[in-house]
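This briefing is meant for a reader who is meeting the structure for the first time. Please look through the sequence and the model shown here before turning to the notes that follow.

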Amino acid sequence: MQVSEVRLNLLNSNTAVKAIGSFALDDSFAVRGVRVMEDKHGHNFVAFPSREKQDGSYEDIAFPLSKELYATITGAVLEEYKQQVEKQEQKQEQKQEEAKEETPLVEEKAAAPKRGKGR
């Protein structure tokens, strides 16, 4: 199985969740609710959809059964996340450059001729 599509929405928050999205396998099966999260050491990982049980613990709803498929999915999701973060940073840099260009420069006034009695 191959990951045929990854869609992510970046979140602008100070929480551990950095993005939420979905992925498709072989253009035939889609999984929604995957999250890109950051651990306390600053490393990103993919969290699969889960639900809270009555005892307060969580269990995954959808997850890969093999290590190979897990690596394929997480690699594709994290690569898409990295690309979107880079695009967002480029857009911010462009906006900053445009803002600098839009600031009006102080124009020096040309010295006006003195008026008065010119005898």
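Asp26 is found in the loop that links β2 and β3, and in this predicted model the residue has a positive phi of about 50 degrees although it is not a glycine. Asp27 also has its place in the loop between β2 and β3, and for Asp27, again not a glycine, phi is positive at about 50 degrees. As background, most residues other than glycine have a negative phi.

- The pairing of β2 with β3 is antiparallel and runs over eight bridges, and within it Ala24 stands opposite Ala30, which belongs to β3.

**The next hairpin**

- Strand β4, which covers residues 44–47, pairs with β3 in the antiparallel sense over four bridges, and here Met37 stands opposite Phe45 in β4.
- Five residues lie between β3 and β4 in the hairpin that they form, and in its turn Gly42 has a positive phi of about 90 degrees.

**The sheet and the helix**

- Along the sequence, the elements of the protein chain follow the pattern β-β-β-β-β-β-α, which amounts to one helix and six strands.
- Four strands make up an open sheet in the order β1-β2-β3-β4, and their pairing is antiparallel.
- Because β1 and β4 stand at the edges of this sheet and have a single partner strand each, one side of each is left without a neighbour in the sheet.
- From one strand to the next, the twist of the sheet averages 25 degrees.
- The helix α1 packs on the sheet, where it touches β1, β2, β3 and β4, and the direction of α1 makes about 45 degrees with that of β1.

**The nonpolar core**

- In soluble globular proteins, nonpolar side chains tend to be buried together.
- The largest nonpolar core in this model has 15 residues, and the members that touch the most others are Leu8, Phe23, Ile73 and Val77.
- At least two residues of this core come from each of β1 (3–10), β2 (17–25), β3 (29–38) and α1 (67–102), and α1 gives the most, with four residues.
- Which residues does Ile73 touch, not counting those up to four places away in sequence? They are Val3, Phe23, Leu25, Phe48 and Pro64.

**The chain as a whole**

- Of the 119 residues in the protein chain, 22% are buried.
- The accessible surface of the protein chain comes to about 10100 Å², and carbon and sulfur atoms account for 48% of that surface.
- When contacts in the protein chain between residues at least 6 apart in sequence are considered, 30% of them join residues at least 24 apart.

Definitions and conventions. Residues numbered from 1 in each chain as written. Predicted model: local features only at pLDDT ≥ 70, side-chain atom pairs only at ≥ 80, totals over all residues. Heavy atoms only, no water. Core = buried A, V, L, I, M, F, W, Y, C linked by side-chain atoms within 4.5 Å. Buried < 20%, exposed > 50% of the residue type's maximum accessible area, 1.4 Å probe, protein only. Contact = heavy atoms within 4.5 Å. Areas by Shrake-Rupley, 256 points an atom, 1.4 Å probe, with all protein chains shown as cover. Pairing = 2+ DSSP bridges. Axes fitted to C-alpha atoms, helices over the stretch in contact; angles between N-to-C directions.
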